[in-house]
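Student: I should like to work through this model with you, one question at a time. Could we begin once it is on display?

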Amino acid sequence: LLKQNFAESYADKIETMMVDPKGVMAQVFFGFDAVQKDLAKLAPDQRQLQINDIRRSLGFTEEQITHQAEADLEREKRWQNGYAYMKERARVEKRYKGEQLIAELDKLREKFFAHEAVTIKKEEEELAFFRYKRPRYYGRN
């Protein structure tokens, strides 16, 4: 239905678009709450098979699907690491205060994020942005 509506709405414009219409459809489709709820219920291997099938139905080539599946695997590792960090961070916040808390959080960021620790710290302290508290969108981020 998404593909049909997209084609009907943009049929005369698709050839001149600067973006890949399959990519746009995938971003929209993977943004639906119902899709995310269904994907979240699956085991990681099953979820990836489903994501691959969705991409296939949207017209991605096998090469594109393979490349994106590899990127999905890396994103999954990053999210799992981020979730572990957030859990440990909560434990540290309960245990320490003041300068000791700052030092422990710095150690924690270094442990979980290595060379990205400085960026993570800046996001958290200056922007109050916590990457791993934001919504997870399987197939997108």
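Student: What volume does the largest pocket have?
Tutor: The model under discussion is predicted. The lining of its largest pocket takes two or more residues from each of α4 and α5. The volume of this largest pocket is about 220 Å³.

Student: Which of the residues that line the largest pocket are the closest to its centre?
Tutor: The lining divides into six nonpolar, three polar and six charged residues. Of the 15 residues in that lining, the closest to the centre are Pro-44, Gln-48, Asp-72, Leu-73 and Glu-76.

Student: Which helices make up the chain, and in what pattern do they follow along the sequence?
Tutor: The chain holds seven helices and zero strands.

Student: What percentage of the residues in the chain is buried?
Tutor: A residue counts as buried when its relative accessible area is under 20%. Applied to the 141 residues in the chain, this cut-off gives a buried share of 30%.

Student: How far apart are the end C-alpha atoms of helix α4?
Tutor: Helix α4 covers residues 44-57, which is 14 residues. At 1.5 Å a residue, the helix should span 20 Å. The distance in the model agrees with that expectation, the end C-alpha atoms being apart by 20 Å.

Student: Within what arc do the buried residues of α4 fall?
Tutor: The buried residues in α4 are Arg-47, Ile-51, Asn-52, Ile-54 and Arg-55. Seen down the axis of α4, they line one face of the helix, because they fall within an arc of 160°.

Student: Which residue with a positive phi follows α4?
Tutor: After α4 comes a residue whose phi is near 100°. This residue is Gly-59.

Student: How far apart are the end C-alpha atoms of α5?
Tutor: Helix α5 has 34 residues. At 1.5 Å a residue, α5 should span 50 Å. The model agrees, with the end C-alpha atoms of α5 apart by 49 Å.

Student: Which helices do the buried residues of α5 pack against?
Tutor: Buried residues in α5 include Ile-65, Ala-69, Asp-72, Glu-76, Trp-79 and Gly-82. Tyr-85, Met-86, Arg-89 and Val-92 of α5 are buried as well. The buried residues of α5 pack against α4, α6 and α7.

Student: Which element gives the largest share of the lining of the largest cavity?
Tutor: The structure holds one cavity of 30 Å³ or more, and the largest cavity has a volume of about 40 Å³. Its lining consists of Tyr-85, Met-86, Ile-120, Glu-123, Glu-124, Phe-129, Phe-130, Arg-131 and Tyr-132. The elements that give two or more residues to this lining are α5 and α7 (117-127). The largest share, three residues, comes from α7.

Student: How many residues in the lining of the largest cavity are charged?
Tutor: Six residues of this lining are nonpolar, and no residue is polar. The charged residues number three.

Student: Is Gln-36 buried or exposed?
Tutor: Gln-36 has its place in helix α3. Not counting residues up to four places away in sequence, Gln-36 touches Phe-30, Arg-136, Tyr-137 and Tyr-138. The relative accessible area of Gln-36 is 8%, so this residue is buried.

Student: Is Val-118 buried or exposed?
Tutor: Val-118 is found in helix α7. Its C-alpha atom is separated by 8.6 Å from that of Asp-106, twelve residues apart along the chain. At 61% relative accessibility, Val-118 counts as exposed.

Student: What is the phi of Ala-114?
Tutor: Ala-114 has its place in the loop between α6 (98-113) and α7. At 39% relative accessibility, Ala-114 counts as partly exposed. Although Ala-114 is not a glycine, its phi is positive, about 45°.

Student: What is the phi of Ala-128?
Tutor: Ala-128 lies in the segment after α7. With a relative accessible area of 57%, Ala-128 is exposed. Its phi is positive in a residue other than glycine, near 55°.

Note on methods
Residues are numbered from 1 along each chain as its sequence is written. This is a predicted model: local features need pLDDT of at least 70, side-chain atom pairs count only at pLDDT 80 or more; totals for chains, interfaces and linings use all residues. Side-chain values use heavy atoms; hydrogens and water are left out. Helices (H or I, at least four residues) and strands (E, at least two) are DSSP runs, numbered from the N terminus. The expected span of a helix is 1.5 Å times one less than its number of residues. Buried means under 20% relative accessible area, exposed over 50%, partly exposed in between (1.4 Å probe, protein chains only). The arc is that of the directions from the helix axis to the C-beta atoms. On a 1 Å grid over the protein atoms alone, a cavity is a set of points where a 1.4 Å probe fits but cannot get out, and a pocket is an open set with protein on both sides within 12 Å along at least five of seven lines; lining residues have an atom within 4 Å of a point. Grid points are joined across faces, edges and corners, and a volume is the space filled by probe spheres set on the points. Ala, Val, Leu, Ile, Met, Phe, Trp, Tyr, Cys and Pro count as nonpolar, Asp, Glu, Lys and Arg as charged, and the others, Gly among them, as polar. Contact means heavy atoms within 4.5 Å.
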